[in-house]
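Here is a short note for a colleague who is meeting this structure for the first time. Please keep the model open while reading.

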Amino acid sequence: LFVFGVFVFSFLVFSREDFVKKIMLSMASLFIIIILLGFILNLTGALSLVSFITMFLIIHIVLLFLFWKRFKFTKLKKSEIANLKNPVILLVIVGAILIPLVFNVFVVSNYSYWNVYYERQATSLAEDFTLPEFDELSYLGRPLGFIPGYFFLEAGMSWIFGLSGVLLFAVTLCLANLFFLFAVFAFGKTLGLSNVKIAMFYAFLWTENFIRGALVISPRHALSLSLFLVALTLLIMNRRKIFSGMSLGIAAFIQAPMLAAFPLLYIIVAKKIEWRKLLHTLIIAAVFFGLMLLPNLLNAGMLTQAETSNWGYLINYDPVNIFLDIGPILIFFIVFTLWDMFKRDSEWDAYKLKLFIAAILGLAFQIFISYRWNIFNTINIALFIVMFIPDIATKSKYFIRLFAVLLLLVGIVTAMGIGMLTISNYQLAPYDYLSENTSTGDNILTDPLF
């Protein structure tokens with residue numbers, strides 16, 4: 001069913017787009033449909049496996065008949081195929097596909113400290129065909145007020161693929177990584193970057209601790225950030241305004257801060273700011289987000305922040321923690337930019353200056369006010385670095401090979417830190433013990449997030 005959906009959108013609905021954008025838009029459309037369909041059927045009390053699959057098929061069959069005249073199979077150009085031989089591009093593509101799959105062979109990431117709450121709610125929705133209104137296990141019982149966008153998405157993926165548990169988690173995570181990869185390449189192309197520079201941009205993003213964690217063990221964050229980039233790309237392109245707003249609204253329905261961060265990051269990365277179009281996108285996104293959040297507000301009241309001292313939005317970084325978070329990209333930032341700035345051996349323009357000033361202010365904001373700007377400031381810094389590197393350097397095979405080796409080493413070192421965010425197979429022994437030695441009606445006092 002998912003492959004059928006990709007076919008309908010890639011070869012019919014978005015057939016006139018280039019390869020990268022059609023895949024990005026197709027995956028975004030599928031994820032949006034899955035979330036909206038599950039949300040609407042649940043809201044109307046009509047959610048079941050039959051109703052979901054039937055409506056999913058009807059939507060795509062209707063699109064098939066509406067757009068069948070647009071059928072077009074676009075072959076990759078020889079130059080695009082040749083780009084795949086570039087070590088940096090090859091490293092990024094292979095890494096984006098293999099890392100989330102291989103990693104989940106050795107660990108059970110869906111049961112990790114960062115995921116178990118969300119996976120439990122998604123599993124309950126997938127099995128009971130209704131979104132829980134009360135969570136008996138969290139904080140000794142409380143109304144389920146968490147934004148449920150990801151719950152609907154993963155439950156829908158479960159119904160479409162017929163999977164559950166770690167297999168469902170691994171497939172969702174792999175698709176989220178592919179989606180993010182195409183979103184990054186589309187975003188880079190929109191800003192006029194070469195494929196090599198886009199691959200470098202992607203690699204720089206991967207060096208940041210939060211983004212790397214999202215791509216390796218957290219499909220929820222990977223999907224919301226991908227939809228965020230789709231909205232940003234379309235707005236910069238000045239195309240598909242409704243789709244841009246819808247993508248942003250759904251991204252916020254998975255991770256609410258995406259909506260708040262969007263206008264500021266757009267102002268930073270856009271070469272030409274279209275204020276009216278930005279306002280239109282924000283209005284559409286706010287309407288989608290508000291309508292989909294309304295049932296939560298009626299059930300659980302206003303949104304609150306659990307464990308504000310640990311997870312709040314006004315927690316700042318000290319210099320040590322900011323280096324632990326974005327240390328690798330800061331080193332690249334210093335080596336590739338500041339050195340040339342002091343030697344006055346670089347070309348500046350208004351756009352580079354804007355990115356540089358925003359990066360410095362972003363670092364100050366993280367240190368003195370809130371570290372939560374980390375992923376967006378990483379996008380800013382990564383974009384500044386690739387803009388600053390001369391195009392002639394990226395055409396040197398020796399530079400590319402050395403850069404690829406350096407990225408590989410950085411990736412290996414930084415990936416070692418992911419282990420603290422996961423739970424390995426042998427650590428599941430307490431769960432097995434409780435399962436065998438307690439009744440289903442027993443209550444277990446444990447960490448609130450579990």
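1. Basis. This is a predicted model, in which local features need pLDDT of at least 70, side-chain atom pairs count only at pLDDT 80 or more, and totals for chains, interfaces and linings use all residues. Residues are numbered from 1 along each chain as its sequence is written, and side-chain values use heavy atoms, leaving out hydrogens and water.

2. Whole chain. The protein chain has 21 helices and 2 strands (DSSP runs: H or I of at least four residues, E of at least two, numbered from the N terminus). Of its 450 residues, 50% count as buried (under 20% relative accessible area, 1.4 Å probe, protein chains only).

3. Helix pair. Helix H1 (residues 2-13) packs with helix H3 (residues 49-66) at about 25 degrees, their axes 10 Å apart. The axes are lines fitted to C-alpha atoms over the stretch in contact, and angles run from 0 to 180 degrees between N-to-C directions. H1 is therefore roughly parallel to H3 (angles under 35 degrees).

4. Their contact. H1 contributes Phe4, Gly5, Phe7, Val8, Phe9, Leu12 and Val13; H3 contributes Leu57, His60, Leu63 and Leu64. Contact means heavy atoms within 4.5 Å.

5. Ala183. Where is Ala183 found? Ala183 sits in helix H8 (residues 165-190). Ala183 is buried, at a relative accessible area of 0%. Beyond neighbours within four places in sequence, Ala183 contacts Met24, Ser226, Leu229, Val230 and Thr233. Met27 lies 156 residues from Ala183 in sequence but 9.6 Å away in space, C-alpha to C-alpha.

Note on methods
Parallel < 35°, antiparallel > 145°, perpendicular 65-115°, else oblique.
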